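Subject: Structure for you to look at

Hello,

Here is the structure I said I would pass on. Please open it first, and then read my notes below with the residue numbers to hand.

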Amino acid sequence: MEKTFNPFSLEGKTILVTGASSGIGRETAIECGAMGANVVITGRNAERLNEVYDLLPAASANVQLVADLTLAGDVEGLVAQMPQLDGVVMCAGNSTTLPLQFGTREKFDEMFGVNFFAPMELLRLLYKKKVLKKGASVVLIASIGGTHSFMPGNGVYGASKAALNSVMKYAAREFASRRVRVNSICPGMVDTPLIHRGTITEEQLAEDAKRYPLGRYGQPEDIAHGAIYLLSDASSWLTGHDLVIDGGFSI
């Protein structure tokens, strides 16, 4: 029986997802697998990463690689083991709520180390060593914090994501010679374990969600589906774009 054409399919594509052991990365890996991709997952927590691996389609050529992207040796080792890639989704990251008066250089260095320097070093090596195929698609998970929304206490986090979103556009220009596309997704608040660490109470979170025109925070699959679009052939004429997925918050 002839297959129905689907420009959003990832059939036959090999996709790397970082931060795949939880939250947006976990859901992105699972959804990419469901769309037919061979998925390479990486994260720091071997146990949680293995749980995600077990949820991927057994018929696909999936790979799991434990690595800490803030460690240069781990990044180099990861790239050395990497198959040729059709796509990458950089989900690994951290957040904090911290007034700027307490935003010491140490706090900024820590946040930029995880949210900016780690993904950019991995992207640099993947491109330089030609692990990314011609026509590959890179998706960076940024945030409306620092680009579209400026809430008190988000300065340290927002600055790191703004830097990531900015360098995405430079990478899109420079990598276009090999037809490698680079885009970002800027989510609003997404209901992941990161927001349930006690920094903000559950009551405050529930009240904050009411400010979103669509009446709720995002779910990881909301962002995963945006990433699938950017990875797929359906977005083949799109690069250097920051896709806002925020339930209408920024309007």
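Arg 179 is found in the loop that lies between α5 (155-175) and β6 (181-187). Its phi angle is near 60 degrees, a positive value in a residue other than glycine. Please keep in mind that this is a predicted model. Arg 179 has a relative accessibility of 60%, so it counts as exposed, the cut-off for that being over 50%.

Lys 130 can be described in the same terms. Its phi is near 55 degrees, again positive in a residue other than glycine. Lys 130 has its place in the loop between α4 and β5 (132-141). With a relative accessible area of 52%, Lys 130 is exposed.

Now the chain as a whole. The protein chain has seven helices and seven strands. Along the sequence they follow the pattern β-α-β-α-β-α-β-α-β-α-β-α-α-β. The radius of gyration is 18 Å, close to the 18 Å that the globule rule gives for 251 residues, so the protein chain is as compact as a globular protein of that length. The C-alpha trace spans about 55 × 40 × 40 Å along its principal axes.

How much of the chain is buried? Of the 251 residues, 47% count as buried. As for contacts, take those in the protein chain with a separation of 6 or more: residues 24 or more positions apart account for 73% of them. The protein chain exposes about 12700 Å², and carbon and sulfur atoms supply 54% of that area.

Next, helix α3, which covers residues 72-81. Which of its residues are buried? They are Val 75, Leu 78 and Val 79. These residues cover an arc of only 95 degrees around the axis, which puts them on the same side of α3. The face turned away from that buried side carries the exposed residues Gly 73, Glu 76, Ala 80 and Gln 81. What do the buried residues of α3 pack against? Their partners are β2 (38-43), β3 (63-66) and α4 (105-128).

Is Leu 49 buried or exposed? Its relative accessibility is 0%, so Leu 49 counts as buried, the limit being under 20%. Not counting residues up to four places away in sequence, Leu 49 touches Ala 20, Ser 21, Ile 41, Thr 42, Gly 43, Gln 64, Leu 65 and Val 66. Leu 49 and Ser 22 are 27 residues apart in sequence, and their C-alpha atoms are 8.1 Å apart in space.

Ser 21, one of the residues that Leu 49 touches, lies in the loop between β1 (14-18) and α1 (23-34). With a relative accessible area of 9%, Ser 21 is buried. Leaving aside neighbours within four places in sequence, Ser 21 is in contact with Arg 26, Asn 45, Arg 48, Leu 49 and Val 52.

Regards

Methods:
Residues numbered from 1 in each chain as written. Predicted model: local features only at pLDDT ≥ 70, side-chain atom pairs only at ≥ 80, totals over all residues. Heavy atoms only, no water. Buried < 20%, exposed > 50% of the residue type's maximum accessible area, 1.4 Å probe, protein only. Helix = DSSP H or I, 4+ residues; strand = E, 2+ residues; numbered from the N terminus. Arc of directions from axis to C-beta. Contact = heavy atoms within 4.5 Å. Rg over C-alpha atoms; globule rule 2.2 N^0.38 Å. Areas by Shrake-Rupley, 256 points an atom, 1.4 Å probe, with all protein chains shown as cover.
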